[in-house]
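Please work through the following exercises on charged side-chain pairs. Each task is followed by a stepwise solution.

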Amino acid sequence: MIDNLQLNAEGRLKHFLSIEGLPKSLLTEILDIAESFVGIGDHQIKKVPLLRGKTIVNLFFENSTRTRTTFELAAKRLSADVLSMSISTSSTSKGESLLDTIRNLEAMFVDMFVVRHAISGAAHFIAQQTAPHISVINAGDGQHAHPTQAMLDMFTIRQIKKDFSTIRVAIIGDILHSRVARSQIQALNTLGAAEVRVIAPKTLLPAHVESLGVNVSHNLTEGLKDIDVIIMLRLQKERMTSALLPSESEYFKCFGLTEAKLKLAKPDAIVMHPGPINRGVEIDSKVADGPQSVILKQVSNGIAIRMAIMALAMQKQGIN
Ligand code: CP
């Protein structure tokens, strides 16, 4: 259902809601277009005219540092007009429904909504309800998906490791509550990674996790063997409805990435984290700030990948 909504009759990207159902060729096209945007940050004038005259509305119903700012920067670098709604000061706080908010913004002739929402399926719902010329980009919905985060992670991995078919990737931590992990697993499998391994305590894994196309380990020391890419996840306490762990210090002892544990992966393994990081809970500061960490490179790449996705989604109706 989601994939049909995402593509127009010609198979071009219309909405970007989930990695699920998108073909490898489209994911590769996004990565290739992002490559062409990377250098723009170094230009004296950090802008291209691709989305001149288009209006993009950032609708963040949930907190964000990286996603919101890089979407805003990406839209500005494409020369779009950008409106970043502050939901806490909008009429949502007076009881206006999501649909009424969308209808009112539509009446202001907008071209794209970038949506973050705590409810899974919110971006999909908006995409179903909006006028046909409007694109919707999912900036994270509940525990469901965070597809632009997954794509900036794929971009960072490709920049460094070049070939997905030779890499083994470990995703470590709170897989159960992670929309990022779901989207990363789908993207890595679509792009043909040699192995996707999840490493977590049983309480932080979804039921039947193997059906997502991953190998499973409950032991970090054993699980890091032969790994090229390590993706650490934070404990998403805001989504936990019961106590799933004895304590944070116990968790760090078993599943926290330290310099000693990092040595168990391949010597040239890279360390990634979508952020926000919780130092001393899932990752030691020496690793987060160490030479194998590419965490801030991921943030920088978020601008180019979001430029690529917004430009592609607008192409379905012809840009300039
Ligand atoms: N990775 C990520 O989504 O970070 P923010 O919540 O800060 O946007």
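The exercises below concern salt bridges and their surroundings.

This is a predicted model, in which local features need pLDDT of at least 70 and side-chain atom pairs count only at pLDDT 80 or more, while totals for chains, interfaces and linings use all residues. Residues are numbered from 1 along each chain as its sequence is written, and side-chain values use heavy atoms, with hydrogens and water left out.

**Exercise 1.** State how many salt bridges a search of the whole structure finds.

Solution. Step 1: apply the criterion, a side-chain nitrogen of Lys or Arg within 4 Å of a carboxyl oxygen of Asp or Glu. Step 2: the search of the whole structure returns 13 salt bridges.

**Exercise 2.** Describe the salt bridge between arginine 103 and glutamate 106.

Solution. Step 1: the closest N and O atoms of arginine 103 and glutamate 106 are 3.3 Å apart. Step 2: both residues belong to helix α4 (residues 98-106), with a separation of 3 residues, about one turn of the helix. Helices (H or I, at least four residues) and strands (E, at least two) are DSSP runs, numbered from the N terminus. Step 3: buried means under 20% relative accessible area, exposed over 50%, and partly exposed in between (1.4 Å probe, protein chains only). Arginine 103 is partly exposed at 36%, whereas glutamate 106 is buried at 16%.

**Exercise 3.** Identify which parts are tied together by the pair glutamate 195 and arginine 168.

Solution. Step 1: the side chains of glutamate 195 and arginine 168 form a salt bridge of 2.8 Å, N to O. Step 2: glutamate 195 lies in strand β6 (residues 195-199) and arginine 168 in strand β5 (residues 168-172), so the pair ties together parts 27 residues apart in sequence. Step 3: glutamate 195 is buried, with a relative accessible area of 9%.
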